[in-house]
Amino acid sequence: MNSKVSILIYTHSEYSFVWPALIGQMNKHVDKTIEVNFLYNENIDDINLYNIPEDWVKHTYQEDLIWTKRVNCVLPQIKSEYILFLHEDWIPIAEVSGKILEEMCDVMANNNWDYLLSYSHFSVTDNQPGIFTGYDDYYFYKSDSHIFQPAIWKHSVFEEFSGVLNKTKHQNEDQECLAFMRNKNTYEVQNVKTVRQYRTTNSLIFPHMHTLAEGLWTFTKYPTLKSLLDSYGIDTDSRGIHTWWELDTQ
């Protein structure tokens with residue numbers, strides 16, 4: 001397995017309804033050389049019922065721990081220098097290349113970067129010249145702090161973040177977290193030509209759709225998402241549709 005970077009997926013069984021799409025899309029698009037770690041609540045009835053891939057490394061956390069400590073408890077078990085972190089509702093839609101991830105980690109190591117977000121925004125790209133990645137139209141940009149995911153974290157920084165701070169999942173971008181990351185060396189990567197139309201779906205690192213916002217489907221933002229989820233047998237009528245979340249770009 002790839003020792004430089006691994007993927008860590010945090011989840012809870014209350015979101016197991018989206019796991020079929022996550023698993024299917026990960027199997028379809030993620031390079032098999034990349035180790036995938038799957039972190040879930042220990043009190044789940046039977047994890048074997050959910051068809052988690054056998055080659056994924058499964059970890060559990062105690063339900064009574066706050067979110068940062070749930071994440072922190074598994075980090076010593078992951079030996080890679082860098083971690084691509086995401087929650088279960090951020091599903092890949094195109095190739096996630098082990099070669100590109102390794103190259104991104106080399107850039108981070110050579111420049112002492114602590115964090116690399118997989119997308120940016122035109123409010124950033126319009127105001128910086130960027131640093132060419134070597135891939136057509138993709139540039140690195142300095143960020144003010146962080147947007148949590150999907151992003152590559154330097155292992156030691158992620159361990160410090162989750163060890164020092166006591167936060168729920170919904171607080172991971174609050175003012176204390178932002179202040180913490182402003183003391184780190186944080187960057188983003190983005191295709192400058194398509195940033196106004198596609199931010200996340202053509203990410204160099206992890207092209208994806210974020211399926212849920214505030215517990216609602218993001219079909220307004222991602223018009224093709226519903227048919228993708230339907231193809232995995234997910235009941236897309238089980239909850240409402242978010243009508244305003246970040247509609248300026250995919």
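Q: Which residues of helix H5 (residues 155-164) are buried, and what makes a residue buried?
A: This is a predicted model, in which local features need pLDDT of at least 70 and side-chain atom pairs count only at pLDDT 80 or more, while totals for chains, interfaces and linings use all residues. Residues are numbered from 1 along each chain as its sequence is written, and side-chain values use heavy atoms, with hydrogens and water left out. A residue is buried under 20% relative accessible area, exposed over 50%, and partly exposed in between (1.4 Å probe, protein chains only). In H5, His155, Val157, Phe158, Phe161 and Ser162 are the buried ones.

Q: How do you know where around H5 its buried residues lie?
A: Look down the helix axis: they fall within an arc of 165°, so they line one face. The arc is taken from the directions that run from the axis to the C-beta atoms.

Q: What do the buried residues of H5 pack against?
A: Their partners are strand E1 (5-10), helix H2 (67-74), strand E4 (82-87), strand E9 (151-154) and helix H6 (175-182). Contact here means heavy atoms within 4.5 Å.

Q: What makes a set of residues a nonpolar core, and which members touch the most others?
A: A nonpolar core joins buried Ala, Val, Leu, Ile, Met, Phe, Trp, Tyr and Cys residues through side-chain atoms within 4.5 Å. The largest one has 75 residues, and Leu8, Phe85, Leu116, Ile152 and Trp153 touch the most other members. Beyond four places in sequence, Trp153 has contacts that include Phe85, Phe158, Phe161 and Met181.

Q: Why is Asn112 called partly exposed, and how is Glu214 classed?
A: Asn112 has 49% relative accessibility, so it falls between the two cut-offs. Glu214, at 64%, counts as exposed. Asn112 has a positive phi of about 60° without being a glycine, and Glu214 has one of about 55°. Most residues other than glycine have a negative phi, and most peptide bonds are trans.

Q: Which form does the peptide bond from Gln149 to Pro150 take?
A: This bond is cis, with omega near -20°. Pro150 sits in the loop between strand E8 (138-142) and E9.

Q: What makes one space a pocket and another a cavity?
A: On a 1 Å grid over the protein atoms alone, a cavity is a set of points where a 1.4 Å probe fits but cannot get out; a pocket is an open set with protein on both sides within 12 Å along at least five of seven lines, and lining residues have an atom within 4 Å of a point. Points are joined across faces, edges and corners, and a volume is the space filled by probe spheres set on them. The largest pocket has about 690 Å³ and is lined by 29 residues, with Trp90, Gln149, His170, His210 and Leu212 nearest its centre. The search finds one cavity of 30 Å³ or more, and the largest cavity holds about 90 Å³.

How values were computed:
Helices (H or I, at least four residues) and strands (E, at least two) are DSSP runs, numbered from the N terminus.
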